[in-house]
Amino acid sequence: MTPSGSRDVGLGTILGAKEPDTGAARRYVKQLHKNSMKAYAVPSAIATSSLVKLCIGLRLYSGQGAPPMYGDYKALRHWMELTIHAPSR
């Protein structure tokens, strides 16, 4: 329901589906619940997120193969000076 009180109509409702159109994750959880496979919900979510993190981690980063720019050396020297010469408490 929307704040005006009318029902939110999605593409699934227009095409004749029984329920309004929902996201893929919600449909997956409903399917697990319907088939009494709730124990697989958390492990499959962890496996999916781990797979996504692995795929992202295998990609090349933007500065790969290029030497550092001059500002990087300046920032490194600055932070080294701060950490080495900072008074200890």
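**A surface patch and its helix**

Guide: On the surface, L51, L54 and L58 make up a nonpolar patch whose accessible area together is about 330 Å². Such patches are made of residues with over 30% relative accessible area and no salt bridge, nonpolar side chains (Val, Leu, Ile, Met, Phe, Trp, Tyr) being joined within 5 Å and like charges within 9 Å. A salt bridge here is a side-chain nitrogen of Lys or Arg within 4 Å of a carboxyl oxygen of Asp or Glu. Accessible areas come from the Shrake-Rupley method with a 1.4 Å probe, and for residues only the protein chains shown count as cover.

The model is predicted: local features need pLDDT of at least 70 and side-chain atom pairs count only at pLDDT 80 or more, while totals for chains, interfaces and linings use all residues. Residues are numbered from 1 along each chain as its sequence is written, and side-chain values use heavy atoms, with hydrogens and water left out.

L51 belongs to helix α3, which covers residues 41-57. Helices (H or I, at least four residues) and strands (E, at least two) are DSSP runs, numbered from the N terminus. L51 counts as exposed because its relative accessibility is 52%; buried means under 20% relative accessible area, exposed over 50%, and partly exposed in between (1.4 Å probe, protein chains only).

Helix α3 also holds S44. S44 has a relative accessibility of 17% and therefore counts as buried. Its side chain has a polar contact of 3.2 Å with the side chain of Y28, and the side chain of S44 also reaches the backbone oxygen of Y40 at 2.8 Å. A polar contact is a pair of N or O atoms within 3.5 Å; within protein, one must be able to donate a hydrogen and the other to accept it, and residues adjacent in sequence count only if both atoms are side-chain atoms.

The loop between α2 (24-34) and α3 contains S36. S36 is exposed, its relative accessible area being 65%. The phi of S36 is near 55°, a positive value in a residue other than glycine. Most residues other than glycine have a negative phi.

As for the protein as a whole, it has four helices and zero strands. Buried residues account for 3% of its 89 residues. Its accessible surface comes to about 8600 Å², with 64% belonging to carbon and sulfur atoms. The mean pLDDT (the predictor's confidence in each residue, from 0 to 100) is 76. Confidence is highest in α3, at 91, and lowest in helix α1 (residues 11-14), at a mean of 54.
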